[in-house]
Amino acid sequence: MTVLFDAPEIWLTVLACVLLLGEAFTGVRSRTIGQFAVVGTAVIFVVTLLSVVPPGGATYWSGSYIWDGTAQFFKLFFIFTSLVVTWMSLTFESQIDENRAEFYVLPLLITAGMCLLASAGDFMLMFVALELVTITFYILVAYQRQVRASLEAGVKYLILGGLSSAFLVMGIAYVYGLTGSTNFSLVFGVIQAGEITGPSVLPLAFGLLLVLVGIGFKIAGVPFHIWAPDVYQGAPTPITAFLSVGSKAAGFVILIRVLVDAFGLVQLYANYWSLLLIIMAAASMLLGNLAAIPQRNLKRMLAYSSIGHSGFVLIGVLALAGSGPARELGGTAVGIYLISYLIASLLAFVIVAIVTQKESPDAIHNYAGLWQRSPLLAGGLAVALISLAGIPPTVGFVGKLTIFTAAWEANLYSLFWIGVAAAVAGFYYYLGVVKTMFWSKPLDTEPIPVAPSLRFLILLLVVATFVLGFFTTGLQVMVGDLVAANL
C-alpha cells in the first residue's frame with residue numbers, strides 16, 4: 001500500500017478543502033457543492049474498494065496506522081454512509097436557512113476522521129481522529145440555528161461529548177503511565193511480557209475501564225445513552241442518520257482496536273472488560289427496546305432502537321474474548337450486523353427526510369395512510385423497519401441470526417435469551433409503525449413527490465436489503481475474510 005494514494009482519509013480531506021475553496025472563490029451554489037461531494041465520495045469509495053490489502057495487513061508511522069482487512073471494511077462502511085447522508089442532505093436543503101456549502105463539506109471531514117479511527121494503532125492518533133469526528137458533529141447537530149430543539153440537542157451533545165472525552169483522556173493517561181507507551185502493540189507487548197504485576201494490575205484495569213466508559217458514550221450504550229434520544233430528535237435528519245450509523249460504527253471500531261490490539265488476548269484483562277460489556281449489552285438491549293415502545297416521535301423511537309442495536313453488536317464484541325470458532329464468528333457477526341443496520345437505518349432516515357418536507361413534526365401519526373400518499377415511501381419504510389426488527393428474508397434477520405449464533409458459541413447464554421426477548425419487543429413498535437402506514441386513515445391525501453435520484457436510492461437500498469438477506473453465505477465469507485481474519 002502507498003499511504004499517500006490509498007488512504008481515503010487524505011482524499012476526503014483534499015476533497016473537502018477543494019469544495020470549500022471552490023465555493024468561496026467561485027460563488028458556486030451550495031447545492032452544486034453538495035452534488036460534487038456526492039460524486040467525489042463515490043469515486044473515493046470505488047478507489048478504497050479496489051485497494052489491495054497486504055496478507056496479514058501492514059503498519060505505518062511506527063505502528064500508529066494499521067492497514068488491514070478490518071480497516072478496509074470499516075473505511076468502506078463510513079464512506080458509503082457519508083455518500084448516502086450527503087445525497088439525503090440535498091433533499092433536506094429546504095429546511096436549512098441560509099444553507100451554505102459547509103453542510104455538505106463537514107460530513108467529508110467527519111468521514112476522514114472515522115476512516116482514521118479504523119486504522120488507529122495508537123491512543124494519540126485515535127483521540128485526535130475521534131475529536132475531529134466529535135467536534136464536527138457538534139456543529140452539524142446544532143446547524144438549524146433557528147430551531148430551538150436543534151440548539152438544545154447541540155448543547156447536550158457538546159456537554160456529554162466533552163465528558164466522555166474527559167473519561168477517555170484519563171484512561172489513556174493511566175495506560176501510558178503504567179506501560180510507558182500509547183501504541184497498541186507496545187502496550188500489549190508490555191502486558192504480555194508480564195511487566196505489569198502486583199499493585200499495577202488494578203490501576204491498569206481501571207485505566208481500561210475509563211477508556212471503555214468514554215467509548216460507551218460514543219456507541220450510546222446504557223448507562224451512557226442519555227444524550228441519544230434528544231440529540232437524534234433535534235438534529236437535522238441527515239445528521240441523525242450519520243450519528244445513528246456512522247458514529248456508532250466508529251465507536252465500535254475503536255472498541256475492537258483497543259480490546260483486541262491492546263488488551264484482548266490477555267485473559268486477566270478480559271475478565272475486567274467482559275463483565276462491564278456484558279452488563280452494558282444486556283441493559284442496552286432491554287432498555288433500548290422497551291423504552292422505544294411508548295414513543296410517538298419516529299426519530300426518537302429510532303434513537304431508542306439504536307441503543308438496543310448497540311447491545312446486540314456488543315454480543316459480537318464479547319464473543320471476541322473466546323477462542324477458535326467463537327472468536328472468528330464474533331468478528332463476522334459484528335461486521336454483518338453493522339451492514340444490516342447500515343442499510344435499514346439509512347433507508348428509514350432517507351424516507352423520514354422526504355416525509356418531513358411535507359410534515360414538519362416527526363410524529364408517527366403523520367405517517368398514517370402513507371401507503372395512499374406514496375406507495376414507494378410506505379413500502380420502503382416498511383422494508384427498513386422489518387429489517388431492523390430482524391424478520392426474514394431481510395439482511396436484518398441474517399444480522400440477528402449471526403449475533404445469536406455467536407452468543408451461543410461463546411457460551412453467552414444469558415445474553416442470548418435477553419437478546420431474544422429484546423428482539424420480540426422490537427417487533428411491537430416496528431410493526432406498529434407499519435400498521436399505521438398501511439391500515440390507518442390518512443390525515444392528508446396529497447401525494448408526496450419523490451425526486452428521481454431519491455427513488456433510485458430507495459430502490460437500491462430495498463434491493464440490497466433482500467439480496468443480502470438471500471445470499472447469506474457470500475456475505476459471511478466476505479465479512480469473515482475482511483474482519484474476522486484480522487481479529
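Across the whole structure, a search finds 27 aromatic pairs. For one of them, select Phe217 and Phe224: their rings form a tilted pair, with 5.3 Å centre to centre and 40° between the planes. Keep in mind that this is a predicted model.

Next, select Phe312, Tyr337, Phe404, Trp408, Tyr413, Phe416 and Trp417. Ring pairs connect these residues into a cluster.

Now go to helix H4, residues 69–92, and pick Ser82 within it. Is Ser82 buried or exposed? Its relative accessible area is 0%, so Ser82 counts as buried, the cut-off being under 20%. To see what surrounds Ser82, show Thr41, Pro107, Leu108, Thr111 and Phe242; Ser82 touches each of these, leaving aside residues up to four places away in sequence. Then draw a distance from the C-alpha atom of Ser82 to that of Val245: the two residues are 163 residues apart along the chain, and the separation is 9.8 Å.

The last stop is on the surface. Select Val463, Val467, Phe470 and Phe471, which make up a nonpolar patch with about 430 Å² of accessible area together. Of these residues, centre on Val463, which lies in helix H19, residues 452–470. Val463 has a relative accessible area of 48%, and is therefore classed as partly exposed.

Notes: Residues numbered from 1 in each chain as written. Predicted model: local features only at pLDDT ≥ 70, side-chain atom pairs only at ≥ 80, totals over all residues. Heavy atoms only, no water. Phe/Tyr/Trp six-rings, centres within 6.5 Å; stacked < 30°, edge-to-face > 60°. Patch = residues over 30% accessible without salt bridge, like charges linked within 9 Å, V, L, I, M, F, W, Y side chains within 5 Å. Areas by Shrake-Rupley, 256 points an atom, 1.4 Å probe, with all protein chains shown as cover. Salt bridge = Lys/Arg side-chain N within 4 Å of Asp/Glu carboxyl O. Helix = DSSP H or I, 4+ residues; strand = E, 2+ residues; numbered from the N terminus. Buried < 20%, exposed > 50% of the residue type's maximum accessible area, 1.4 Å probe, protein only. Contact = heavy atoms within 4.5 Å.
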